[in-house]
Amino acid sequence: MSDEPPSAGQPADPEGPGTPPRLSDSTTPGLPVFLSTEHWSLLGTRSMTWSEIMSRITIYLTVVSAFLVVLALTAQATGFGTPFRVMAIGFASAALVMGSLTAIRVNLASREDADLVRAMNRLRHAYVELAPEIAPYLTASIHDDERGLMQTYSLGYRRNLVLHIVGSTAFFLMVVNGLVAGTLGALVADIAGAGTAVVAVMGTLSGVAYVVGHMEIARRVFAGPNDDERFPTPG
């Protein structure tokens with residue numbers, strides 16, 4: 001091991017080699033501008049993502065409403081005979097496919113949103129490194145672990161996780177799709193000549209099965225480990 005002193009102009013690293021330099025020691029001009037530009041870019045991406053999601057959900061609900069109107073007019077004209085049931089099965093199948101595709105996109109967008117929030121937490125951490133005195137004035141977290149993520153989502157307040165999930169857009173869409181799936185199962189059982197009890201059971205089982213499958217897909221989307229925690233919450 002060499003006992004030579006560090007070269008001129010290269011101070012010794014007290015924290016050991018490989019330690020990234022602190023922003024507070026940086027002399028890079030315009031560093032706050034670079035950070036704020038990235039922050040606004042992430043905010044814009046988050047806004048565009050949810051604008052797309054709301055548009056897709058609106059289209060889906062509009063199509064489902066149109067299907068119901070057409071079915072109501074058909075029932076008035078032809079009654080609830082076989083043509084009506086076949087049309088209802090077709091409409092319910094189409095609505096379920098559209099709803100399932102929309103639900104998958106919503107789940108992916110929710111994961112993307114969490115990653116965007118995590119990235120913005122890192123930028124706030126950089127702001128606090130540059131100006132530690134602003135830390136008490138920040139409501140959102142400066143840490144990128146799960147605890148920091150939920151602090152940003154809840155704006156610093158304790159929030160029941162179950163209520164957070166039940167009130168989400170993904171859960172709302174899952175309920176709507178579950179109702180459509182249950183209706184489709186009941187219609188198929190009815191056109192097959194099943195009795196009232198069997199129709200009710202098939203409808204219930206179809207709806208529940210869809211909800212369980214949807215929840216499993218959502219769990220897989222969010223269950224992936226976060227191996228990129230750079231600024232975990234102390235303690």
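Me: Which helix gives the most residues to the lining of the largest pocket?

Reply: That's α2, with 6 residues. Before going on, keep in mind that this is a predicted model, where local features need pLDDT of at least 70, side-chain atom pairs count only at pLDDT 80 or more, and totals for chains, interfaces and linings use all residues. Residues are numbered from 1 along each chain as its sequence is written, and side-chain values use heavy atoms, with hydrogens and water left out.

Now the pocket itself. On a 1 Å grid over the protein atoms alone, a pocket is an open set of points where a 1.4 Å probe fits, with protein on both sides within 12 Å along at least five of seven lines; lining residues have an atom within 4 Å of a point. The largest pocket holds about 880 Å³ of space, a volume being the space filled by probe spheres set on the points, which are joined across faces, edges and corners. Its lining has 28 residues, and S110, H164, I165, S168 and F222 lie nearest the centre. Among the helices (DSSP runs of H or I, at least four residues, numbered from the N terminus), α2 (82-130), α3 (146-153), α4 (161-166), α5 (169-191) and α6 (196-222) each supply at least two lining residues. By class, the lining splits into 14 nonpolar, 9 polar and 5 charged. Here Ala, Val, Leu, Ile, Met, Phe, Trp, Tyr, Cys and Pro count as nonpolar, Asp, Glu, Lys and Arg as charged, and the others, Gly among them, as polar.

Back to α2, and how it meets α3. Contact means heavy atoms within 4.5 Å, and residues of α2 including S110, D113 and R118 meet E146, G148, L149, T152 and Y153 in α3. That contact has 4 nonpolar, 4 polar and 4 charged residues. The two helices, α2 and α3, pack at about 95°, with axes 10 Å apart; axes are lines fitted to C-alpha atoms over the stretch in contact, and angles run from 0 to 180 degrees between N-to-C directions. So α2 and α3 are roughly perpendicular, a label for 65 to 115 degrees.

Definitions and conventions. Parallel < 35°, antiparallel > 145°, perpendicular 65-115°, else oblique.
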